[in-house]
Amino acid sequence: MLRRLRAWYHNASLRVKFALQVVLSTVLVVSLMLPAVLYIQRRAILSAVEESGFRIADIFARSSVQAVLADDYLVMQHVVNGLASEKKVRYAMLLKEDGEVLVHTRAIERGRRYTDPISSVAATTRGPRVQQLVDGEGIRVYDFTVPVYVLDEKRASARVGLSIEHELREIARTRNSILGFGLAVLALGLVWATYQARWLMRPVQALVAGTEEIARGNLDHRIPVRARDEMGQLAQAFNHMTKSIQALIETSREISSVLDLDVVLKSITEHALKLVGADMAFIAPLERDGGDARVRVVIGGRKSSYDVVVKPGVGMGGWVLANGEPLITDNYVADPRIVHDPIYDKTLSDEGVVSALALPITLKGETIGLLWVANRTAKAFSAEDGDALGRMAHQAAIAMENARLYQDLRQSHNELVNAQAELVWKTRMAAMGEIAAAVAHEVRNPLGALSNCIQLLRGNPAITGEDAELLTIMQNESKRLNEIISDFLAFGRPRAPRFTPVDLHELIDETWALLQRDDRCPATIAFARRFDRALTPVAADRDQMRQVFWNLFLNAVRAMRDEGTLGVETRHTDGGVEILVRDTGPGIPEAVLPRVFEPFVTTKSGGTGLGLAIVRRIIEEHGGRITVRASNGAGTCFVLSLVVDTGTV
Amino acid sequence: MNRKILVVDDEPGMRKSLAMMLRREQYQVTETGSVAEAVGRIKGEGYDLVIADLMMEPLNGLDLLALIRRYRTTCPVIIMTAFGTPEARSEAAALGAVDFLEKPLAAPHLLHRVRELVA
């Protein structure tokens, strides 16, 4: 039972507990107070009765001395009758030592002997005595006895009974009033306690509700602060904590999901600004070689970026870097801790900075950066601001380190991938070079013999008509075969360029002239050239550049099939020259476009797909670049950019 | 006066077709597939022109050039090859080759060079 009661109390709400405590306290007070009040009141009333009782008994005893001495019954009766007329007196009597009634207010009692204990005590007492009894009519009576002495000899006991009914009723009435009052107080107390409990509990309940909201993940919840008492302070602290947690969680969620260092830094700075409600904030990660920190992100500044390097010991950030501790100042200009630097001071006075807070971003005890917030008013930052930012900076440090590591990782990964791709490429090219050389040697000898034979036969005037045509086909096909071999050789066994001054215009014209004599170039193809006459010769390998133009021109001509215009434009650029080769053909499909310079990628049937790969390699070996722009239907445009290195010309 | 030309190539098709082409131009042509034999002939008979392949077994065109030089013989030599690296080209030039032609040979160009050299 007790255990269950305890368990119930344990689980009861604070409101119930409070009300219960108030009720119990009231009950305790009332129940302690009531008997004391009753006792005091009873004592006061009864002692008044006793006093008057003894006085009456005493007067009775004195008045009776003469009569007792004289044994004058009539006088005694007279005295007794005088007493009986008193309202409260229930009886009066004189008793002899042996309990014999000498005289009594009721005359009939005279001569009787009383042996009841109270009467015995009264008869034998040597001094005044009071006893309580209930008489024959059920009335409660105080029985006062005073012995009657005659010359030091006790002769009788004067006994008077006074009714105390009235007094006892008075006492009962008082007791009932007090009890009623106590109950009223109790009831009022209960009501008040309930009300008070509700009033007191309201902020606690708000706090509980707030905690539950936050537990559910609603970090935007704030508890209304109604008073400045402990509950108000608690609510304020709670709100502050929630805000801090919110900022922390938001920051950590936002920055830990991002691996881009710049984004991470921007996010940290924005959150720092918001967290402490500052006007301006910046972040400066430590440079990789250590020591200095460079400002990377500025939020809330009058300029969007600052190229500022913070050196240890100089300025506010410098103090923090040197000491590894946060620094709060409510007056930047006048703070004696700061070693002032004219450039920093100018920047901060341009920004109107008054108060500021700077703290180190540390990871595993090492400073990896600097976080700085400032106000343009004298609104100072508190130690709590510093703590909140410090916690955020800890999160920030981890995110920064992650982003940094990821950056390193990505870089080394890219390097590795590139190195591997290059290795694979080189291996493939070397193998291809070997194969191309072997094939070229093996194929070109029979091809050479074949070519000789065809040329001999063509010299025979007896071969005419269709036979002569067949010989021409044979000659063209063996020429094509040789070109395929040459492409493979050029690509698989490239040679380093031999630089000489080359007049590009002359070379372009020469190549076009060569192409015009080739039967793959229909006479219907027009050649439109627009040369920049200011162009000076460039350092290049003439043969290789001829190959470049040949390949590009031949591609263009083949793309246009029977008619179109091959356009070649040259122009001066900043430190180089650009050559544009355009055709009016159907263009290269967009899917193929990004890969046109890769080997073995071709849109023609019967092409090796090496032409543009050779072009790109030659251009790159010349330190230049080639790009292609195209759109279906509008032709293709190749742009060659060559650097004019006047030193080598 | 018929000019004497020696064609050295271990590929018979190439050698024979080249020899035939030159004979039609009224040159007196000797063919051989062996460098050793070629050297012997050059020493013994003397030629106005030698056209030799670069890649031959066991001795090659460059060996032929070196041997001609060792025997202090003067005779213009054209080296032809199916696959000429720049290194081979410059080595041939250093050993005294007068020309370095890539197969397949363009007949007009070859005959033009031959006429120039044996004139």
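Helix α11 (residues 465-492) of chain A has 28 residues and reaches 41 Å from its first C-alpha to its last, close to the 40 Å expected at 1.5 Å a residue. That expected span is 1.5 Å times one less than the number of residues in the helix. This is a predicted model, in which local features need pLDDT of at least 70 and side-chain atom pairs count only at pLDDT 80 or more, while totals for chains, interfaces and linings use all residues. Residues are numbered from 1 along each chain as its sequence is written, and chains are lettered from A and ligands numbered from 1 in the order in which they are written.

**Chain A as a whole**

- Chain A holds 14 helices and 19 strands; helices (H or I, at least four residues) and strands (E, at least two) are DSSP runs, numbered from the N terminus.
- Take the contacts in chain A between residues at least 6 apart in sequence: 62% of them join residues at least 24 apart. A contact here means that the C-beta atoms of two residues, placed from the backbone, lie within 7 Å.

**Back to helix α11 of chain A**

- The buried residues of α11(A) are A:Asn482, A:Ile485, A:Asp487, A:Phe488, A:Leu489, A:Ala490, A:Phe491 and A:Gly492.
- Their cover includes α10 (383-458), α13 (542-560) and α14 (611-621) of chain A.

**Two helices side by side in chain A**

- Helix α6 (residues 230-256) and helix α7 (residues 261-276) of chain A have axes that come within 9 Å and cross at roughly 170°. Axes are lines fitted to C-alpha atoms, for helices over the stretch in contact, and angles run from 0 to 180 degrees between N-to-C directions.
- Ala, Val, Leu, Ile, Met, Phe, Trp, Tyr, Cys and Pro count as nonpolar, Asp, Glu, Lys and Arg as charged, and the others, Gly among them, as polar.

**A covered strand in chain A**

- Strand β12 (residues 366-375) of chain A is mostly covered, with 8 of its 10 residues buried.
- Strand β11 (residues 355-363) of chain A pairs with β12(A) in the antiparallel sense over 9 bridges; strands pair if DSSP finds at least two bridges between them.
- β11(A) and β12(A) form a hairpin with 2 residues between them, and A:Lys364 in the turn has a positive phi of about 50°.
- Strand β6 (residues 280-285) of chain A is joined to β12(A) by 6 bridges, running antiparallel, and A:Ala284 has A:Leu370 as its bridge partner.

**The sheet of chain B**

- An open sheet of 5 strands in chain B has the order β2-β1-β3-β4-β5, with parallel pairing.
- β2 (28-32) and β5 (99-102) of chain B stand at the edges, each with a single partner strand, so one side of each lacks a neighbour in the sheet.
- Helix α2 (residues 35-44) of chain B lies across β1 (4-8), β2 and β3 of chain B, at about 165° to β1(B).

**Where the chains meet**

- 16 residues of chain B are in contact with 19 residues of chain A.
- Helix α1 (residues 12-24) of chain B gives the largest share of chain B's side, 7 residues.
- That side of chain B has 11 nonpolar, 2 polar and 3 charged residues.

Terms used: A residue is buried if 20 or more other C-beta atoms lie within 10 Å of its own, exposed if 12 or fewer, and partly exposed in between; C-beta atoms are placed from the backbone.
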